[in-house]
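Here's a friendly walk through one protein chain. Have the structure open as you read.

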Amino acid sequence: MFGWIKRLFKKIFHADHSDHSRPIESKPIPNKPKIALVRGHKRSAPGALNIHGVSEYDYYSEILPQVFERTENTREFLRDGTTIEGAIQDAVNWGADIIIEFHCDAYNGSVNGSSTWIYDESQRAIASDLLVDWLNFSGKSNRGVKKGGRATTSTRAMYRNGVQGCLFEPFFGDNANDYVPPQVLQIFLIDWINEKQSAKA
Ligand SMILES: [Zn+2]
């Protein structure tokens, strides 16, 4: 009599079960990882303005192309002409082992500190590695590895493609006491990437 209800429940249960049964396993990070640098935002919607009136997109235009030129196994990816997921997919198709998406935080001009963002716990190791190294380099205050939020779209796309990665917000661009000139962040990133490339197993 209630066979159709049973069938419906079975269908819902199985559909749900197959979606969530197994966490996605990311491929391990090799000795000389290919590191994709995804610039947050796009030319037509360039993100928050910093204390100098420079958008997140333009700020990183003074960093990421230079980092690419001075490191091996890196490439910059843009959202222009595509979506957030599209830029992540471009990085995956390139063969990225690590994907970092770059932003600057902004709030009310007086908040400070650094954070990285993840979607899944499996991303915590790389997010923590980047954040701790940045904190040691910069002396910034630690806002921690955060989960979900507005970073979800990109960090979920990294996770679903089985590639390690996180979103990075190294400072608050609207706070003069927290702002970091692009040349300084550039030096850190070049060192961080070169260290990753020379790491022993
Ligand atoms: Zn942003």
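What covers the buried residues of helix 6? The cover includes helix 4, strand 3, strand 4 (114–118) and strand 6. Before going further, a word on what you're looking at. This is a predicted model, where local features need pLDDT of at least 70, side-chain atom pairs count only at pLDDT 80 or more, and totals for chains, interfaces and linings use all residues. Residues are numbered from 1 along each chain as its sequence is written.

**The overall layout**

The chain has 7 helices and 6 strands. Both kinds are DSSP runs, numbered from the N terminus: helices are H or I with at least four residues, strands are E with at least two.

Of the 201 residues in the chain, 36% are buried. "Buried" here means that 20 or more other C-beta atoms lie within 10 Å of the residue's own; with 12 or fewer a residue is exposed, and in between it's partly exposed, with C-beta atoms placed from the backbone. Two residues are in contact if their C-beta atoms, placed from the backbone, lie within 7 Å. Take the contacts between residues at least 6 apart in sequence: 77% of them join residues at least 24 apart.

The 6 strands form an open sheet with mixed pairing, in the order 2-1-3-6-4-5. Two strands count as paired if DSSP finds at least two bridges between them. Strand 2 (74–77) and strand 5 (142–147) are at the edges with a single partner strand each, so one side of each has no neighbour in the sheet. From one strand to the next, the twist averages 20°.

| Strands | Direction | Bridges |
|---|---|---|
| Strand 3 and strand 6 | parallel | 5 bridges |
| Strand 4 and strand 5 | parallel | 5 bridges |
| Strand 4 and strand 6 | antiparallel | 3 bridges |

Phe-102 has Phe-168 in strand 6 as its bridge partner. Ser-115 is bridged to Gly-144 in strand 5, and Ser-114 to Asn-142 in strand 5. Trp-117, meanwhile, stands opposite Leu-167 in strand 6.

Strand 4 is worth a look. Together with helix 5 (residues 124–138) and strand 5, strand 4 makes a right-handed β-α-β unit. Right-handed means that, with the strands pointing away from the viewer, the path from the first strand over the helix to the second runs clockwise.

Now back to helix 6 (residues 152–160), where Ser-154, Thr-155, Ala-157, Met-158 and Tyr-159 are buried. Just after helix 6 comes Gly-162, with a positive phi of about 70°.

Helix 4 and helix 6 pack at an angle of about 30°, and their axes are 9 Å apart. Axes are lines fitted to C-alpha atoms, for helices over the stretch in contact, and angles run from 0 to 180 degrees between N-to-C directions. On the helix 4 side, Ile-84, Glu-85 and Ile-88 meet Thr-153, Ser-154, Ala-157 and Met-158 of helix 6.

**The core**

The largest nonpolar core has 47 residues, and among those with the most contacts inside it are Leu-37, Ile-88, Ile-100 and Cys-166. Such a core is a set of buried Ala, Val, Leu, Ile, Met, Phe, Trp, Tyr and Cys residues joined through C-beta atoms within 7 Å. Leaving aside neighbours within four places in sequence, Cys-166 is in contact with residues including Ile-100, Trp-117, Ile-126 and Thr-155.

**Two loop residues**

Which residue has a positive phi of about 70° although it is not a glycine? That's His-41, in the loop between strand 1 and helix 2 (56–61). His-41 is buried, with 23 other C-beta atoms within 10 Å. Asn-73, also not a glycine, has a positive phi near 60°. Asn-73 sits in the loop between helix 3 (64–69) and strand 2, and is partly exposed, with 17 other C-beta atoms within 10 Å.
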